[in-house]
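Please open the model in a viewer and keep the selection panel at hand.

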Amino acid sequence: MTHESRMLIDGKLVESETGRQFDNINPATEEVLGGTADGTRADMERAVAAARHAFDHTDWSRDGEARAAGLRQLQAALEAEREELRGELIAEAGCPLLSTFGPQLDVPLRDALSWPADMISQFQWKRTLPDKDAFGMGTLAEREVWKEPIGVVGVITPWNFPLEIILNKLGPILAMGNTTVLKPAPDTPWNATRIGRIIAEQTDIPPGVINIVTSSDHLVGEVLSTSPLVDMVAFTGSTATGRRIMKAAADTVKPTFLELGGKSVYLVLDDDGDISASVGGSAFVSMHAGQGCAMPTRLLVPNSRHAEAVEIVKVAMEKNKYGDPTDPSVLQGPQVSRRQQDRVMGDIEKGKQEGARLVTGGNIPAHLPKGFFVEPTVFADVDNRMTIAQEEIFGPVLSVIGFDDDDDAVRIANDSIYGLSGVVFANDLDRAKSVAGRIRTGTLGINGGLWYGADAPFGGYKQSGIGRQCGIEGLEIFTETKTVGWPKETR
């Protein structure tokens, strides 16, 4: 596998100032894939200075046609290397081949850059307000509201859907005229460094507009939160890290866009006669080893059908094939690291200790001695106050929780610090929509409908984050608002 080990700073592909690299580990085999530049705070500061200069001293923020052309060049070059990207993602993220034909690669590659590029000419950059005599002095003023780029945006991305999240960040940020510094997760650096090489060699995007700094040190990313040269931080990751970023950004009073954790529900209402298909679909939680913030990890079913639902989901989870992510029939690969495997196993142990009933799974598979695997796991008789029902596990673990009626289901769904996503199933669509309207969450799928897309705002309520990624809202969040007025000419 060929890969790019260097960082992109000010238009140049560079090594770390120290010359050091860190290992990129294949989580399915535990083998070292190769090295990546181990950037330092000084490297990050150079990248920030380059982004600041590109915003302040080039036409990037004012030339919409150049921005659209640059985004389309980047997309075309990525599409030309699609299969290399596919293999790279499977190797470093451990994601199943199956997932790369969907949200890991093919779906975001289709519109994460092209939709924002198209929107540059369609976005409402200006809107007119009614003429007004603001102070009662008899002089009318014409007024407008202008949308302008926010400036330098620091971006910190996670390892679970690395390319998807990077593209859905870069597209809107660049389309709106900003410059950026990206720090990708050290677990999955190569998809980001590949983007850096493509930008440097195959696009006309000016030096400094995009900078990519890789590092094994998570604290290097704090420069983006504390630097007065950075105007905004956009982060996807855990709620705990999101809190730290907010605190670090407070001293410079910079806005933060945070897409954080979730503990979403998969709710099956009691008017569903045959619940086999609806309940069985909840087993999809083990896709990519449960490493998705929007995955519904709490299965809510009527108490009257709890036993039936548990048996259905047990069979479904046990049918999910897990193991080698290069196998096209595999749904679940490994956790991304030994650390994540240990965390998931610790949460499973808490579930047992707190009295939940382990129905299936719950172990490290004996037949997979290499790799960071965890068996697809189901707990039944779960009280929503238990740790496994309240904390984001980020593993292939599903908790089955019973409810009495619609009000009880909504109460349980909302009894969480999170509010990111969810699923509702019911034969009566109006009833499903009514219940969905009462669940405090940023996205919801009803009866199998999918909401995802570059044009669809994604984000959460409560401690699942601040702001929205994608959609019009995901463009506006990377802009400032300026209101102007001038005397109205009279004839």
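What area is buried between domain 1 and domain 2, and what percentage of it do carbon and sulfur atoms give? The structure is a predicted model, and the area buried between the two domains comes to about 2100 Å², with carbon and sulfur atoms giving 63% of it.

The contact involves 24 residues from domain 1 and 29 residues from domain 2.

Next, select Glu30, Trp159 and Ser464. These residues supply 26% of the area that domain 1 buries against domain 2, more than any other three residues.

Arg338 forms a salt bridge with Glu30, and their closest N and O atoms lie 3.0 Å apart. Across the interface of domain 1 and domain 2, 1 salt bridge is found. Polar contacts between the domains amount to 9 residue pairs, both residues being at pLDDT 80 or more.

Now display the helices on this side. Helix H3 (82-93), helix H4 (97-100) and helix H10 (239-250) are the elements that give two or more residues to the side of domain 1 that touches domain 2. By residue class, that side divides into 11 nonpolar, 7 polar and 6 charged residues.

**A loop with positive phi values**

Move to the loop between helix H11 (276-280) and strand S13 (296-302), and select His288, which is placed there. As background, most residues other than glycine have a negative phi.

Then select Ala289, also found in the loop between H11 and S13. Ala289 is not a glycine, yet its phi is positive, at about 60 degrees.

Finally, show the surface around this pair. Is His288 buried or exposed? His288 is buried, because its relative accessible area is 0%. Ala289 likewise counts as buried, at 0% relative accessibility. The cut-off for buried is under 20% relative accessible area.

Notes:
Residues are numbered from 1 along each chain as its sequence is written. This is a predicted model: local features need pLDDT of at least 70, side-chain atom pairs count only at pLDDT 80 or more; totals for chains, interfaces and linings use all residues. Side-chain values use heavy atoms; hydrogens and water are left out. Contact means heavy atoms within 4.5 Å. Buried area is the accessible area (1.4 Å probe) that two parts lose on being put together, summed over both. A salt bridge is a side-chain nitrogen of Lys or Arg within 4 Å of a carboxyl oxygen of Asp or Glu. A polar contact is a pair of N or O atoms within 3.5 Å; within protein, one must be able to donate a hydrogen and the other to accept it, and residues adjacent in sequence count only if both atoms are side-chain atoms. Helices (H or I, at least four residues) and strands (E, at least two) are DSSP runs, numbered from the N terminus. Ala, Val, Leu, Ile, Met, Phe, Trp, Tyr, Cys and Pro count as nonpolar, Asp, Glu, Lys and Arg as charged, and the others, Gly among them, as polar. Buried means under 20% relative accessible area, exposed over 50%, partly exposed in between (1.4 Å probe, protein chains only).
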